[in-house]
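This report describes a single protein chain, from its overall fold to individual residues. Please consult the sequence and structure shown here while reading.

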Amino acid sequence: MFELKAQMYFAAAHHLLNYEGECENQHGHNWLVEVYVVGSELNKSNILVDYKVLKRELKSVLDLLDHKDLNTLSFFNGESPSSEIISKFIYTEMKKKISITSKVSVWETPTSCATYYEG
């Protein structure tokens, strides 16, 4: 099996619902997103997925979130846009574009991330 990873950033604001503490107040992050693809079949150039394609598709998903107030986006439909929910959203959108997407990690700080993948 082969696994590729691409990274990209987006900046956005959010606040957590049903939470008591500082994060219940609106605040922002420069989120680091890592998207992984996994597969065993390489193309005739011995490439699983062209990094240009992977990054282009990731950018198209992150453009939906970049410089937005995540709480106001219909994607989250009144749910608390936690790192966990954001990673699931990005995973779902990437899976539509690149079927061999295997997981997505979303870092809200250099030491804290949430990862979503299907079990």
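## Fold

The structure is a predicted model. Its protein chain contains two helices and four strands. In sequence order, these elements follow the pattern β-β-α-α-β-β.

Contacts between residues 24 or more positions apart make up 63% of the contacts in the protein chain with a separation of 6 or more.

## Dimensions

Along the principal axes, the C-alpha atoms fill a box of roughly 50 × 25 × 25 Å.

## Surface and charge

Of the 119 residues in the protein chain, 39% count as buried. The accessible surface of the chain is about 7200 Å², and carbon and sulfur atoms contribute 49% of this surface.

The protein chain carries 12 positive and 16 negative side chains. The centres of these two sets lie 12 Å apart.

## Two residues in the loop between the helices

His67 lies in the loop between helix H1 (51-62) and helix H2 (83-97). Although His67 is not a glycine, its phi is positive, at about 55°. His67 counts as exposed because its relative accessibility is 67%, and the cut-off for exposed is over 50%.

Asn77 is also found in the loop between H1 and H2. Asn77 has a positive phi of about 40°, again without being a glycine. With a relative accessibility of 67%, Asn77 counts as exposed.

Notes
Residues are numbered from 1 along each chain as its sequence is written. This is a predicted model: local features need pLDDT of at least 70, side-chain atom pairs count only at pLDDT 80 or more; totals for chains, interfaces and linings use all residues. Side-chain values use heavy atoms; hydrogens and water are left out. Buried means under 20% relative accessible area, exposed over 50%, partly exposed in between (1.4 Å probe, protein chains only). Contact means heavy atoms within 4.5 Å. Accessible areas come from the Shrake-Rupley method with a 1.4 Å probe; for residues, only the protein chains shown count as cover. Lys and Arg count as positive and Asp and Glu as negative; His and the chain ends are not counted. The place of a charge is taken as NZ of Lys, CZ of Arg, CG of Asp or CD of Glu.
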